[in-house]
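Subject: A structure to look at

Hello,

Here is the structure I promised to hand over. Please open it first, then read my notes below.

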Amino acid sequence: LVVINQGMSGFVVSMMIKYADNVLKGFAFAMAAVLATLFSVPLFGASLSPSFIAGACVVAVAVKMYSHYDGTPEPKAVQSEPARADKGDEVEEEELGLLSKGEGDRPSAVPEVGASGRVTST
């Protein structure tokens, strides 16, 4: 009877690892220990200590949190942009301030620094 029980638990563990992950296996063993202890109270007259009750509560909360989390990241809020005519890369460079506005080769987004180290407006 003991050999059959150990063999069946080995099959269950191998199927769990095949279809789930090791974290889930840990949660299953923790819940099995909690349930076995709870069943032993009416069957064998075992008593529960406060530390067991605290541990069982921690296991229950951890299992609930793990089963509630689905692993997908939360969607980010998408800001809609106004529709514009397709002007190619020129529009993107203008929006970034990279095109020069008649000031030589210097882009308009870069301020000029004078000899004293102060920023001068153009």
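Accessible areas come from the Shrake-Rupley method with a 1.4 Å probe, and for residues only the protein chains shown count as cover. By that method, the accessible surface of the chain is about 10,600 Å². Carbon and sulfur atoms hold 63% of that surface.

A word on the source. This is a predicted model, where local features need pLDDT of at least 70, side-chain atom pairs count only at pLDDT 80 or more, and totals for chains, interfaces and linings use all residues. Residues are numbered from 1 along each chain as its sequence is written, and side-chain values use heavy atoms, with hydrogens and water left out.

The whole chain

The chain has four helices and two strands. These are DSSP runs numbered from the N terminus: helices are H or I with at least four residues, strands are E with at least two. Along the sequence the pattern reads α-α-α-α-β-β. Of the 122 residues, 5% count as buried. Buried means under 20% relative accessible area, exposed means over 50%, and partly exposed lies in between (1.4 Å probe, protein chains only). Now the contacts, meaning heavy atoms within 4.5 Å. Take those between residues at least 6 apart in sequence: 20% join residues at least 24 apart.

Helices α1 and α2

How do two packed helices get described? Helix α1 covers residues 2-19 and helix α2 covers residues 22-44. Their axes come within 8 Å and cross at roughly 140°. Axes are lines fitted to C-alpha atoms, for helices over the stretch in contact, and angles run from 0 to 180 degrees between N-to-C directions. The two helices are therefore oblique to each other. Under 35 degrees counts as roughly parallel, over 145 as roughly antiparallel, 65 to 115 as roughly perpendicular, and the rest as oblique.

Which residues make the contact? From α1 come Val13, Met16 and Ile17. From α2 come Asn22, Leu24, Lys25, Ala28 and Phe29.

Start with Ile17, in helix α1. Ile17 counts as partly exposed because its relative accessibility is 40%. Not counting residues up to four places away in sequence, Ile17 touches Asn22 and Lys25.

Then go to Ser40, in helix α2. Is Ser40 buried or exposed? Ser40 counts as buried, because its relative accessibility is 16%. Leaving aside neighbours within four places in sequence, Ser40 is in contact with Gly45 and Ala46.

Best wishes
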